[in-house]
Amino acid sequence: QVQLVESGGGLVQVGGSLRLSCAASGSIFRINAMGWYRQAPGKQRELVAIHISGGRINYADSVKGRFTISRDNAKNTVVLQMNSLKPEDTAAYYCYADSGYGSSRLGYWGQGTQVTVSS
């Protein structure tokens, strides 16, 4: 089992910045990817940014140029730096980790942290 603990989030005004952090712990054999998803009320959970082992990074089109994801493989942490925040960024943000290999490969989720952008 892998546990993901998130920190950061909160209330910020339009144009402001926030930093989300996530640390993985537990039975970590191999983390294939770590990243962030978000879910706004009444909407489906969507990918925000993900860092895949080997260096590939994917961002949602809506956050490109404003958000930056970084990952520390040695510490099993991932950080999402969010700049130029907009009201439409308001959502619960969830850390995600893809860990293991073969039949033991699983996805894990954090408990979520709320980001609210006020106009």
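Biologist: Where is the place of Asn 76 in this chain?

Modeller: This is a predicted model, in which local features need pLDDT of at least 70 and side-chain atom pairs count only at pLDDT 80 or more, while totals for chains, interfaces and linings use all residues. Residues are numbered from 1 along each chain as its sequence is written, and side-chain values use heavy atoms, with hydrogens and water left out. Strands are DSSP runs of E with at least two residues, numbered from the N terminus. Asn 76, which has a positive phi of about 55 degrees although it is not a glycine, has its place in the loop between S7 and S8.

Biologist: How many bridges join S7 to strand S8?

Modeller: Two strands pair if DSSP finds at least two bridges between them. In this pair Ile 69 stands opposite Leu 80 in S8. S7 and strand S8 (residues 77-82) run antiparallel, and the number of bridges that join them is six.

Biologist: Which strands stand at the edges of the open sheet?

Modeller: The open sheet has four strands in the order S1-S3-S8-S7, with antiparallel pairing. Two of these strands each have a single partner strand, so one side of each is left without a neighbour in the sheet. The strands at the edges are S1 (2-7) and S7 (67-72).

Biologist: Is Ser 84 a buried or a partly exposed residue?

Modeller: Ser 84 lies in the loop between S8 and S9, and its phi is positive, about 50 degrees, although it is not a glycine. Buried means under 20% relative accessible area, exposed over 50%, and partly exposed in between, for a 1.4 Å probe and protein chains only. Because its relative accessibility is 40%, Ser 84 counts as partly exposed.

Biologist: What is the handedness of the disulfide of Cys 22 and Cys 95?

Modeller: A disulfide is a pair of cysteine sulfur atoms within 2.5 Å. The structure holds one disulfide, which joins Cys 22 to Cys 95 with an S to S distance of 2.0 Å. The torsion about the S-S bond is about -85 degrees, so the disulfide is left-handed.

Biologist: How many residues apart are Cys 22 and Cys 95?

Modeller: The pair links distant parts of the chain, with Cys 22 in strand S3 (residues 18-26) and Cys 95 in strand S9 (residues 91-99). Cys 22 counts as buried because its relative accessibility is 2%, and Cys 95 is buried with a relative accessible area of 0%.

Biologist: How many aromatic pairs does a search of the whole structure find?

Modeller: A pair of aromatic rings is described by the distance of the centres and the angle of the planes. Rings of Phe, Tyr and Trp (its six-membered ring) pair if their centres lie within 6.5 Å; planes under 30 degrees apart count as stacked, over 60 as edge-to-face and the rest as tilted. The number of aromatic pairs found is three.

Biologist: Why is the pair of Tyr 37 and Trp 109 given its class, and what is that class?

Modeller: The ring centres of Tyr 37 and Trp 109 are 5.0 Å apart. Their planes stand at 70 degrees, so the pair is edge-to-face.

Biologist: What is the angle between the planes of Tyr 96 and Trp 109?

Modeller: Tyr 96 and Trp 109 form an aromatic pair that is tilted, 4.9 Å centre to centre, and the angle between the planes is 55 degrees. This pair links distant parts of the chain, since Tyr 96 is in strand S9 and Trp 109 in strand S10, 13 residues apart. Tyr 96 and Trp 109 form one aromatic cluster together with Tyr 37. The angle asked for is thus 55 degrees.

Biologist: Which residue stands opposite Asn 58 in S6?

Modeller: S5 and strand S6 (residues 56-59) pair in the antiparallel sense over four bridges. In their hairpin, which has three residues between the strands, Gly 54 takes a positive phi near 105 degrees. The residue opposite Asn 58 is Ile 50.
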